[in-house]
Amino acid sequence: MAIKTVGVIGAGSMGSGIANVFALNGYNVVLRDIEDRFVQGGFSRIEKFMSKSVQKGKMTEEAKQEVLSRITLTTDLQDLKDVDLVVEAVLEDMDLKQSVFSQLDEIVREDVILATNTSSLSITEIAAATKRPDRVAGLHFFNPAQVMKLVEVVRGYSTSDETVDTLKQVSEVLRKEVVEVKKDVPGFIVNRIMIPQFIEAIKVLEEGIASKEDIDKAMKYGLNHPMGAFELQDYAGVDIGYHVMEYFQKEFADNRWAPPLLLKNMMRAGRYGKKVGKGYYDYE
């Protein structure tokens, strides 16, 4: 099946970035969110990202307008009835994702793959809301999707080889580096490795071993990471890391994954990261 039009559900930072990546690589995109202000906000982020590329001489204004012309905005899920692939990027909430997939299952053609951009949740559980679990898989982009090279293609319990192969091929068209996650486990590859680093960094700070600034410096210059653990948590969302830890703790039945007390207090204080102007660092 030739994929020409892609539906993207969720116009937040991830969804809009994913929509932009597909449009930049020649696909027509239907970008959907529940309210027009969210859709318009996502479109504005796409336009702003490409305007910077124009300013830097990486693309022309004409090319930018051509990419934008490939993106259709909507608040109506029914407008995805003719797409060839769906990528869901709504909030990391299982009930919400299952609701979206259940509705999509009734709207799009039977041969259409339903992919989720979840960073940690069970592909199998999401797929259970559909009558096509063989055509449901994870397609996990990283933020910002236009810049980050990696995509994780994740199998659910029933995901077919054909579905995995198709998503790998699409990812390569998007000029991404692809890794296949062969088992449906919490966190897949990247978060499974990264979350313990976050937990240990928070504990090192809690125990007074070093300041957050020095911990970040140690990770950047000792491990050659582009960002330190606290900078990265602030950038990605302190709340997202917290919920992933809670999910890991529940799924693995192992308290080693439990959010440290400092992180719990950050949540109570509403310090969710750069998006609210304060996390481990202050940005206001």
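Q: A salt bridge is a side-chain nitrogen of Lys or Arg within 4 Å of a carboxyl oxygen of Asp or Glu; by that rule, how many are counted between domain 1 and domain 2?
A: The count between domain 1 and domain 2 is zero salt bridges. The two parts are domain 1 (5–181) and domain 2 (191–275), with bounds taken from an automatic or database domain assignment. This is a predicted model, in which local features need pLDDT of at least 70 and side-chain atom pairs count at pLDDT 80 or more, while totals for chains, interfaces and linings use all residues. Residues are numbered from 1 along each chain as its sequence is written, and side-chain values use heavy atoms, with hydrogens and water left out.

Q: How do you know that domain 1 and domain 2 bury area between them?
A: Buried area is the accessible area (1.4 Å probe) that two parts lose on being put together, summed over both, and for these two domains it comes to about 510 Å², with 48% of it on carbon and sulfur atoms. On the domain 1 side, Ser119, Ser120 and Asn143 lose the most area to domain 2, together 57% of what that side buries.

Q: What makes Thr116 and Glu88 a polar contact?
A: The term asks for a pair of N or O atoms within 3.5 Å, where within protein one must be able to donate a hydrogen and the other to accept it, and where residues adjacent in sequence count only if both atoms are side-chain atoms. The side chains of Thr116 and Glu88 are joined at 2.4 Å, and therefore the pair falls inside the 3.5 Å limit. Between domain 1 and domain 2, two residue pairs are in polar contact, both at pLDDT 80 or more.

Q: Why is Thr116 called buried?
A: Buried means under 20% relative accessible area, exposed means over 50%, and partly exposed lies in between (1.4 Å probe, protein chains only); Thr116 has 0% relative accessibility, and so counts as buried. Its place is in strand β5 (residues 113–116).

Q: Lys97 and Glu92 meet in a salt bridge: what makes the pair one, and is each partner buried or partly exposed?
A: Their side chains come to 3.2 Å, N to O, and this is within the limit for a salt bridge. Lys97, with a relative accessible area of 1%, is buried, whereas Glu92 is partly exposed at 37%.

Q: Which residues form salt bridges with Glu180?
A: One partner is Lys168, with the closest N and O atoms 2.6 Å apart. Glu180 lies in strand β8 (residues 177–181) and Lys168 in helix α6 (residues 161–173), so this pair ties together parts that are 12 residues apart in sequence; helices (H or I, at least four residues) and strands (E, at least two) are DSSP runs, numbered from the N terminus. Lys182 is also a partner, at 3.9 Å, and Lys182 counts as exposed at 62% relative accessibility. Through shared partners, Arg155, Asp161, Lys168, Glu180 and Lys182 form one network of salt bridges.
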